[in-house]
Amino acid sequence: CAGPREISGYTIKTWNNKYYPNTTITEGLVHSDNTAMMFIAQRLGLDTFLSYLHGFGLDKKTGIDLQEESLPPARKDWREIDVATASFGQGIAVTGIQMLNIAQAIANDGVMMRPHVVARVEQDGQSIEVAPKELSRPISPETAQKMTMMMEASALHGDAKWAIPKGYRIAGKTGTAQVPVSGHYDEEKTVASFVGFAPAEDPKFVMLVKLREPSTSPWGSETAAPLWFSIARDLFVRMNVAPRN
């Protein structure tokens, strides 16, 4: 991770052209380091990499009880450059509810649940509860705990750390995605996001904030993350979640 990486004739750089030799995986997540993510994907190998994409449900609909859930087209042929770019989010499409469900699985000790909005159905004097349904376990509880710690470090040391509600541990990750236009990426337009859950040690909610083509800044750390923390502050009050200490 000491500099740009050459893959299949392409040069992959970091978003800010800064590099961290001998970085740890957690530091790679904190810095949104493309070269670190590529290294991880290469170590996994194509078969294992794809198994996690499938395990987290990126090749299928979540089954949420809403009409017209979409499913982005799946890539059939994977080249070395495709794995490299997909490791940090390019060349692969994910819906908001899919991303939210991935974060939920990490928060839920590795168990992925089917998302739903209906708590119960009442008809003709009868009330039918909609029970939670487990979809899969893409990662172990130990891995989920490690991921939680890494996401907590990412939020704590990110550019929006000034906006984190005091006394609360939050696990999350920013995202800054270029907007695809006619087969290529627009050089200026972005989709800024922040996904996470809180409190990190005992999650009560998982949330995704996504802003399409923000005007004040293209970066998720400067737009979506502060908004996420602001909403979380209200949720802590509404859910009677007291700060630590």
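Mentor: Before we start, buried here means under 20% relative accessible area, exposed means over 50%, and partly exposed lies in between, with a 1.4 Å probe and protein chains only. This is a predicted model, in which local features need pLDDT of at least 70 and side-chain atom pairs count only at pLDDT 80 or more, while totals for chains, interfaces and linings use all residues. Residues are numbered from 1 along each chain as its sequence is written, and side-chain values use heavy atoms, with hydrogens and water left out.

Trainee: OK, is Met-207 buried or exposed, and why?

Mentor: Met-207 counts as buried because its relative accessibility is 10%.

Trainee: Where is Met-207 found?

Mentor: Met-207 is in strand β9, residues 205–212, where strands (E, at least two residues) and helices (H or I, at least four) are DSSP runs numbered from the N terminus.

Trainee: And what is Met-207 in contact with, leaving aside its neighbours within four places in sequence?

Mentor: Taking contact as heavy atoms within 4.5 Å, Met-207 touches Leu-100, Phe-194, Val-195, Gly-196, Trp-228, Ile-231, Ala-232 and Leu-235.

Trainee: Switching to α5, which of its residues are buried?

Mentor: Those are Gln-98, Asn-101, Ile-102, Ala-103, Gln-104, Ala-105 and Ile-106, and the buried residues of α5 pack against β3 (112–113), β6 (134–136), α6, β8 (184–198) and β9.

Trainee: What should α5 span?

Mentor: The expected span of a helix is 1.5 Å times one less than its number of residues, so the 12 residues of α5 should span 16 Å, and the 17 Å between its end C-alpha atoms agrees with that. After α5 comes Asp-109, whose phi is positive, near 55°.

Trainee: Which residues touch the most other members in the largest nonpolar core?

Mentor: A nonpolar core is a set of buried Ala, Val, Leu, Ile, Met, Phe, Trp, Tyr and Cys residues joined through side-chain atoms within 4.5 Å; in the largest, with 21 residues, they are Phe-49, Leu-53, Phe-56, Trp-78 and Met-151. Two or more residues of this core come from each of α3 (46–55), α4, α5 (96–107) and α6 (141–156).

Trainee: What about Phe-49, with neighbours within four places in sequence left aside?

Mentor: Phe-49 is then in contact with Ala-41, Leu-44, Trp-78, Val-83, Ala-86 and Ser-87.
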